[in-house]
Amino acid sequence: MPTDLTQARLKRQPDIQLPGGKCYIEDLTVVSPDMLLVSNPSKQCVQLLDCLKGEVVSEVQLQDWPYRICLTDRNTAAVNVGGRRIQMINVKDKTLTKGRELTVSGIICGLTSSRNSLVVAYGSQPWLEVISKDGKVLHQSGKSQHFKPPAFLCTTPSGLVFISDHGTHTIKKVDGQLNFLQTFTSPLLQTPRGITAVTEDEILVCSQRHNSLVLLQSSTNTMSTLLGKDDGIEIPYSLTYCPDQKKAYVASALTDTIKVYQVS
């Protein structure tokens with residue numbers, strides 16, 4: 001894949017539709033090439049989806065609605081359930097099983113993983129915490145007014161965390177100890193939602209109100225529109241990227257369909 005995604009072409013592939021009737025996708029993450037984990041609040045479960053076959057190969061029922069989801073390592077995922085709980089999920093041999101459950105200190109808005117720990121964003125102060133997988137708080141962001149409120153989080157290979165802030169229409173960057181580093185803004189960015197790191201420098205963001213997928217190049221503090229409504233992007237809500245397949249997966253609000261784009 002080109003280092004500069006602005007020089008690449010994103011070709012639309014056939015959509016993936018979750019089987020079993022109407023539902024909607026809250027969040028999704030790549031488990032392995034052609035396998036996605038999907039949080040499905042309408043069925044109150046997390047599902048393992050075979051992208052090639054369009055089949056759910058495993059699912060685990062939860063006690064409340066699942067929202068944000070991320071991988072913590074190759075065989076473990078975390079999903080926030082309801083407001084203050086994080087359910088760990090074991091992913092092995094194409095089968096999902098429940099692990100331990102954590103209770104955190106606030107109402108969760110965003111969730112990602114970094115260096116075998118979880119980074120959690122809340123809707124009230126303190127805004128961010130790094131916690132271990134057994135629930136110990138390792139770092140807090142303090143009581144600064146940087147977020148209004150956070151929506152989605154992603155982590156770069158070096159451990160930097162990017163936060164989409166739909167209240168201020170900005171992207172924020174913090175380090176692994178939650179020290180605030182930078183704010184990114186652009187007229188292209190309206191109601192940012194899903195966010196994912198393609199490389200250390202290239203961040204893809206759902207610009208929901210503009211019906212577009214925006215590329216943030218953090219080293220140059222620039223944004224450009226990669227995909228828009230003519231490419232099938234409509235009310236984009238969550239997304240993830242598979243580096244092995246060089247594919248972006250985008251889910252819209254209140255839909256059971258995942259849009260697929262091949263980078264070439």
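Trainee: Are Phe162 and Phe184 buried or exposed?

Mentor: In this predicted model, both Phe162 and Phe184 are buried.

Trainee: How is a pair of aromatic rings described?

Mentor: One gives the distance between the ring centres and the angle between the planes. By the rule applied here, there are four aromatic pairs. Trp65 and Tyr67 make a tilted pair, with 6.5 Å centre to centre and 50 degrees between the planes. Phe162 and Phe184 make a stacked pair, at 6.0 Å centre to centre and 25 degrees between the planes. Phe162 belongs to strand β15 (residues 161–165) and Phe184 to strand β17 (residues 180–184), so this pair ties together parts 22 residues apart in sequence.

Trainee: Why does Trp65 count as partly exposed?

Mentor: Trp65 counts as partly exposed because its relative accessibility is 36%. Tyr67 is also partly exposed, at 25%. Together with Tyr24, Trp65 and Tyr67 form one aromatic cluster.

Trainee: Which ring does the charged end of Arg68 sit over?

Mentor: That of Phe152; the charged end of Arg68 is 3.7 Å from the ring centre.

Trainee: Which residues touch the most other members of the largest nonpolar core?

Mentor: The general idea is that nonpolar side chains in soluble globular proteins tend to be buried together. Here the largest nonpolar core has 17 residues, and those touching the most other members are Leu5, Leu10, Leu204, Leu213, Leu226, Leu227 and Val250. At least two core residues come from each of β19 (202–207), β20 (212–217), β21 (222–227), β22 (236–242), β23 (247–252) and β24 (257–263).

Trainee: What is Leu204 in contact with, leaving aside neighbours within four places in sequence?

Mentor: Its contacts include Leu5, Ile195, Leu213, Leu226, Leu239 and Ala248.

How values were computed:
Residues numbered from 1 in each chain as written. Predicted model: local features only at pLDDT ≥ 70, side-chain atom pairs only at ≥ 80, totals over all residues. Heavy atoms only, no water. Core = buried A, V, L, I, M, F, W, Y, C linked by side-chain atoms within 4.5 Å. Buried < 20%, exposed > 50% of the residue type's maximum accessible area, 1.4 Å probe, protein only. Helix = DSSP H or I, 4+ residues; strand = E, 2+ residues; numbered from the N terminus. Contact = heavy atoms within 4.5 Å. Phe/Tyr/Trp six-rings, centres within 6.5 Å; stacked < 30°, edge-to-face > 60°. Lys NZ or Arg CZ within 6 Å of the ring centre and 35° of its normal.
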